[in-house]
Amino acid sequence: MQDAVKIVCPSCEQTNRIPYAKLSAGPKCGVCGDPLVSGKVIELDQGAHDKATRTDELPLVVDYWAPWCGPCRMMAPEFAKAASAVSPQVRFAKINTQDFPRVSQKLNIRGIPLLILWHRGREVARLSGARPASEIEAFVRQSAKV
């Protein structure tokens with residue numbers, strides 16, 4: 001097992017190498033100083049999404065959503081609860097598919113909300129529909145094996 005993990009900063013897109021032992025200490029980006037693993041849901045733009053899903057060595061769960069989607073808005077607090085429950089073993093992020101439609105096209109997303117678990121540059125699993133925090137946590141723990 002590696003003793004460090006690569007994590008992309010959602011703000012400046014810099015790749016950071018963080019020792020596993022320091023993940024629970026709230027590591028920050030070496031360039032911009034923003035938090036990398038905080039237990040909170042991070043907002044991604046298309047560039048940060050593409051780089052993080054390709055590069056991150058820590059499992060990353062991305063919520064593909066849109067502001068006009070009622071179920072997406074209803075699930076947002078549950079997604080945040082799940083994020084705080086499984087941090088720092090997994091990072092949680094979201095991307096607005098209305099603002100970044102090319103992401104939806106590239107990933108062949110046909111319905112939202114949709115959760116995709118990414119790990120080491122590949123898609124591991126998908127979970128569609130609005131879910132309570134307990135189901136999101138179970139999906140992450142089972143799929144990411146944390």
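Predicted model: local features only at pLDDT ≥ 70, side-chain atom pairs only at ≥ 80, totals over all residues.
**Helix H4**

- Helix H4 covers residues 133-144, and its 12 residues, at 1.5 Å a residue, should span 16 Å, which agrees with the 16 Å that separate its end C-alpha atoms.
- The buried residues in H4 are Ala-133, Ile-136, Phe-139, Val-140, Ser-143 and Ala-144; seen down the helix axis, the buried residues of H4 fall within an arc of 125°, so they line one face of the helix.
- An α-helix has 3.6 residues a turn, so residues three or four places apart point the same way.
- Ser-134 and Gln-142 are exposed, and they are carried on the face of H4 that is turned away from its buried side.
- Lys-145 follows H4 and has a positive phi, near 60°.

**Aromatic rings and a charge over a ring**

- The structure holds 1 aromatic pair, in which the rings of Phe-79 and Phe-92 have their centres 4.9 Å apart and their planes at 55°, so the pair is tilted.
- This pair links distant parts of the chain, since Phe-79 belongs to helix H2 and Phe-92 to strand E5, 13 residues apart.
- Both Phe-79 and Phe-92 are buried.
- Lys-94 lies over the face of Trp-65, at 5.0 Å from the ring centre.

**Ala-93 in strand E5**

- Ala-93 lies in strand E5 and is buried, because its relative accessible area of 0% is under 20%.
- Leaving out residues up to four places away in sequence, Ala-93 touches Val-41, Ile-42, Leu-44, Leu-60, Val-61, Val-62, Asp-63 and Phe-79.
- Ala-93 and Glu-135 are 42 residues apart along the chain, and their C-alpha atoms are separated by 17 Å.

**Thr-53 and helix H1**

- Thr-53 lies in helix H1, residues 46-55, and is buried, with a relative accessible area of 7%.
- The side chain of Thr-53 reaches the backbone oxygen of His-49 at 2.9 Å, while a polar atom of the Thr-53 side chain also lies 3.2 Å from the backbone oxygen of Asp-50.
- When neighbours within four places in sequence are left aside, Thr-53 is in contact with Leu-60, Trp-118, Gly-121 and Arg-122.
- The buried residues of H1 are Ala-48, His-49, Asp-50, Ala-52, Thr-53 and Thr-55.

**Backbone features in the loops**

- The peptide bond from Ser-87 to Pro-88 is cis, with omega near 10°, and Pro-88 is found in the loop between H2 and E5.
- The peptide bond from Ile-112 to Pro-113 is also cis, with omega near 0°, and Pro-113 lies in the loop between helix H3 (101-107) and E6.
- Asn-108, a residue other than glycine, has a positive phi near 55°; Asn-108 is placed in the loop between H3 and E6 and is partly exposed, with a relative accessible area of 43%.
- Arg-120 is not a glycine either, yet has a positive phi of about 50°; Arg-120 is placed in the loop between E6 and E7 and is partly exposed, with a relative accessible area of 43%.

Terms used: Residues numbered from 1 in each chain as written. Heavy atoms only, no water. Helix = DSSP H or I, 4+ residues; strand = E, 2+ residues; numbered from the N terminus. Buried < 20%, exposed > 50% of the residue type's maximum accessible area, 1.4 Å probe, protein only. Polar contact = N/O pair within 3.5 Å; in protein donor to acceptor, adjacent residues only side chain to side chain. Contact = heavy atoms within 4.5 Å. Expected span 1.5 Å × (residues − 1). Arc of directions from axis to C-beta. Phe/Tyr/Trp six-rings, centres within 6.5 Å; stacked < 30°, edge-to-face > 60°. Lys NZ or Arg CZ within 6 Å of the ring centre and 35° of its normal.
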